[in-house]
Amino acid sequence: MAEKITFAPISYTGWGSLAHLLDEVQRFEAKKVLVVTDPFLKDIGMTNKVVTPLNEAGIEVEVYTEVVPEPPLAVGEKLVSYTRENAFDLVIGLGGGSALDLAKLAGTLATHEGNVADYLNLTGSKKVSKKGLPTILITTTSGTGSEITNISVLSLETTKDVVAHDYLLADVAIVDPELTISVPPKVTAATGVDALTHAVEAYISKNASPVSDALALQAIRLISGSLRTAVFEGTNKQARTDMSYGSYLAGLAFFNAGVAGVHALAYPLGGQFHIAHGDSNAVLLPYVMGYIRNSCEKRMKDIYDAMGFSSANLSQEEASYKCVAELKRLVEDVNIPSTLKGFNITEDALESLTNDAIEQKRILARSPLPLLKEDIAKIYRAAFDGEIVQP
C-alpha cells in the first residue's frame with residue numbers, strides 16, 4: 001500500500017546552523033518580521049542572536065513576548081489579531097514548543113478570517129484553506145518537534161485541542177544545539193522525555209512505516225544515550241548535539257506515524273492542572289507502555305535494544321517487561337516525578353481526567369491496543385498508585 005512520507009520544511013541542523021537565518025529571511029524578501037518568543041529568552045539576550053543580524057541588514061523586526069507555557073486559546077487569539085493588524089511579511093518562532101506553535105498559528109491564520117477557535121480540530125467549523133505568511137522556526141529546546149510538524153496545540157478549560165493542517169508547516173526549520181546550552185536541567189529533562197515519547201509512540205503506532213521506524217529507532221538511540229548527561233552536564237557539547245538530532249528525528253518520526261495513548265492521556269493533565277507537556281508525557285510513559293505491552297512485545301524489544309541494552313538472551317515478553325522498567329528508570333533518573341501524586345494530583349481528579357482523555361479519539365486511534373474508557377481509567381489509576389498494570 002502506498003504511503004505518504006513528509007520531510008518538511010527545509011532544515012538546517014547542527015552546531016552553528018543559526019548562521020543561515022539571514023540568508024533565508026532575505027530569500028523571502030521580507031522587510032518587516034515578527035519574532036514570537038518567550039520573555040525568558042529576551043531577558044537572557046537570546047533574541048539578539050536573531051534580531052541583530054536582521055536589523056544590520058535593514059530589516060525591521062518586532063519582538064512579541066506574550067508567550068506562556070501550554071498557551072491558552074486566548075493567547076493564540078491575541079497573537080493572531082496582532083499579526084493581522086501589523087502587516088508583517090514573515091514570522092519567526094524562537095523557543096520551545098509553545099513559542100513555535102504560536103508562531104505557526106500566527107503565520108497561517110494571519111491570512112484567514114475568523115477566530116482561532118473556529119479552526120480547532122474537535123470543535124471548529126472552519127478549515128485552513130491557504131498558505132499563510134512565510135514562517136521560520138528556530139528551536140531552543142530538544143523535545144517538542146514543533147519546528148517540523150503541522151499542528152499548533154492550545155490549552156482549553158480542562159483539556160487541549162489543535163489546529164492542524166499542512167499549511168502550518170514552517171518554510172524553514174533551524175535546529176542549532178548551541179542554542180540549547182542555556183536550557184535549565186528541569187526543562188532539559190521534560191523536553192527530552194517528550195522527544196523520547198515521540199519516538200517510542202511513533203514506533204509502536206498503528207501508522208508506523210519502515211521509514212518512520214528507522215527515524216524513531218535512531219532517535220531513541222540518541223536520546224537514551226545522551227539525556228542524562230544533557231540534564232546534569234548542560235554544557236556538554238556532544239550530549240546537547242545528540243539530543244538535538246534525536247529530537248529532530250523523533251519529530252519527523254511522529255509527524256509521519258503519529259503519537260498515541262501517552263499523548264492522549266497527557267493532554268488533560270496539561271489542560272486541567274497546567275502541567276508542562278513534557279512532564280505530562282514523562283509521568284505517563286511507563287504506565288501506558290506497561291498497559292499496552294502485550295500488544296507490541298516485538299516492537300518494545302526493539303526499543304529496549306535501541307536504548308542500549310541487549311535482548312539477545314531474552315524472549316520478546318521478557319524484553320518488553322525490561323523496556324517498561326528502563327523507561328520508568330530514565331524518567332526517575334532525570335528527576336521527573338514518577339506518579340501523579342508527585343504532581344499534587346488528587347485521587348478525585350482521575351474521573352475527570354478519564355472523561356477528557358477519551359475524547360482524544362484522533363490520537364487514541366493509533367494505539368496498537370484499543371484503549372476504551374475503562375482502560376484509560378486503569379492507566380490513570382496505575383500512574384496515581386505508581387504500579388504498572390495490564391488489562
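Trainee: This is a predicted model, so what makes strand 6 and strand 7 a pair?

Mentor: Pairing takes at least two bridges. Strand 6 and strand 7 (residues 160-164) have five bridges between them, running antiparallel, so they count as paired. Within that pairing, S152 sits opposite V163 of strand 7. A hairpin of four residues links strand 6 to strand 7.

Trainee: Why is strand 6 called mostly covered?

Mentor: Look at its residues, 151-155: five of the five are buried. That goes for both faces, with I151, V153 and S155 on one side and S152 and L154 on the other.

Trainee: Over to helix 8, then. Why does S244 count as buried?

Mentor: The cut-off is under 20% relative accessible area. S244 comes in at 5%, so it is buried. S244 is part of helix 8 (residues 237-257).

Trainee: Which residues does S244 touch, leaving out those up to four places away in sequence?

Mentor: S142, V175 and P177.

Trainee: How do you know that C296 is in no disulfide?

Mentor: Searching the whole structure turns up zero disulfides. For C296, the nearest cysteine sulfur belongs to C323 and lies 8.5 Å away. A disulfide needs the two sulfurs within 2.5 Å, so at 8.5 Å the sulfurs of C323 and C296 are too far apart for a bond.

Conventions. Residues numbered from 1 in each chain as written. Predicted model: local features only at pLDDT ≥ 70, side-chain atom pairs only at ≥ 80, totals over all residues. Heavy atoms only, no water. Helix = DSSP H or I, 4+ residues; strand = E, 2+ residues; numbered from the N terminus. Buried < 20%, exposed > 50% of the residue type's maximum accessible area, 1.4 Å probe, protein only. Contact = heavy atoms within 4.5 Å.
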